[in-house]
Amino acid sequence: MKISGREFFYQLLHYTIGIGVIIVVLSLPVVAALGKAFRSDFSTVAAAIFLLYLIISLAPEKVRNILIFAFIAFLFAIPVSGLWGSGQSEQYLI
């Protein structure tokens, strides 16, 4: 299957932005309570995640795909960052 240059650029952009979001989130100090909310009490942040997803889904297709990928990267990185910031250790994270 041959990929056009434009599609390759968008795929590369997806991965670059996703990895960039993960690096930024993991390098910034996150309040331990926020990380704990994402790790254990997920119901409190579920409404905010749902609303952000709805807002992102209104964007044009190419921008939407990039934003959703970055949003998912953020959702996976924030619990790790909160755990690192708290200094605790847990057996199960995600």
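How are helix 2 and helix 4 oriented to each other? The close-ups below, all taken from a predicted model, start with that pair.

**Close-up A. Helix 2 crossing helix 4.** Here the two axes come within 7 Å, with a crossing angle of roughly 130°. Angles over 145 degrees would count as roughly antiparallel and 65 to 115 as roughly perpendicular, so helix 2 and helix 4 end up oblique to each other. As for handedness, the crossing of helix 2 and helix 4 is left-handed. On the helix 2 side, the contact is made by Ala32, Leu34, Gly35, Phe38 and Arg39. Helix 4 brings Leu75, Ile78, Pro79, Gly82, Leu83 and Ser86 to it.

**Close-up B. Ile78 and its contacts.** Leaving out residues up to four places away in sequence, Ile78 touches Val25, Val30, Leu34, Gly35 and Phe38.

**Close-up C. The largest nonpolar core.** It's a set of 11 residues: Val25, Val30, Ala37, Phe38, Val45, Ile49, Ile56, Ile68, Phe71, Ala77 and Ile78. Helix 4 gives the largest share of the core, with 4 residues.

**Close-up D. His14 in helix 1.** Zoom in on helix 1 (residues 5–27) and you'll find His14. With a relative accessible area of 17%, His14 is under the 20% cut-off and therefore counts as buried. Its side chain reaches the backbone nitrogen of Ile66 at 3.4 Å. Setting aside neighbours within four places in sequence, His14 is in contact with Asn65, Ile66 and Phe69.

Terms used. Residues numbered from 1 in each chain as written. Predicted model: local features only at pLDDT ≥ 70, side-chain atom pairs only at ≥ 80, totals over all residues. Heavy atoms only, no water. Helix = DSSP H or I, 4+ residues; strand = E, 2+ residues; numbered from the N terminus. Buried < 20%, exposed > 50% of the residue type's maximum accessible area, 1.4 Å probe, protein only. Polar contact = N/O pair within 3.5 Å; in protein donor to acceptor, adjacent residues only side chain to side chain. Contact = heavy atoms within 4.5 Å. Core = buried A, V, L, I, M, F, W, Y, C linked by side-chain atoms within 4.5 Å. Axes fitted to C-alpha atoms, helices over the stretch in contact; angles between N-to-C directions. Parallel < 35°, antiparallel > 145°, perpendicular 65-115°, else oblique. Left-handed = near helix turned anticlockwise from the far one by under 90°.
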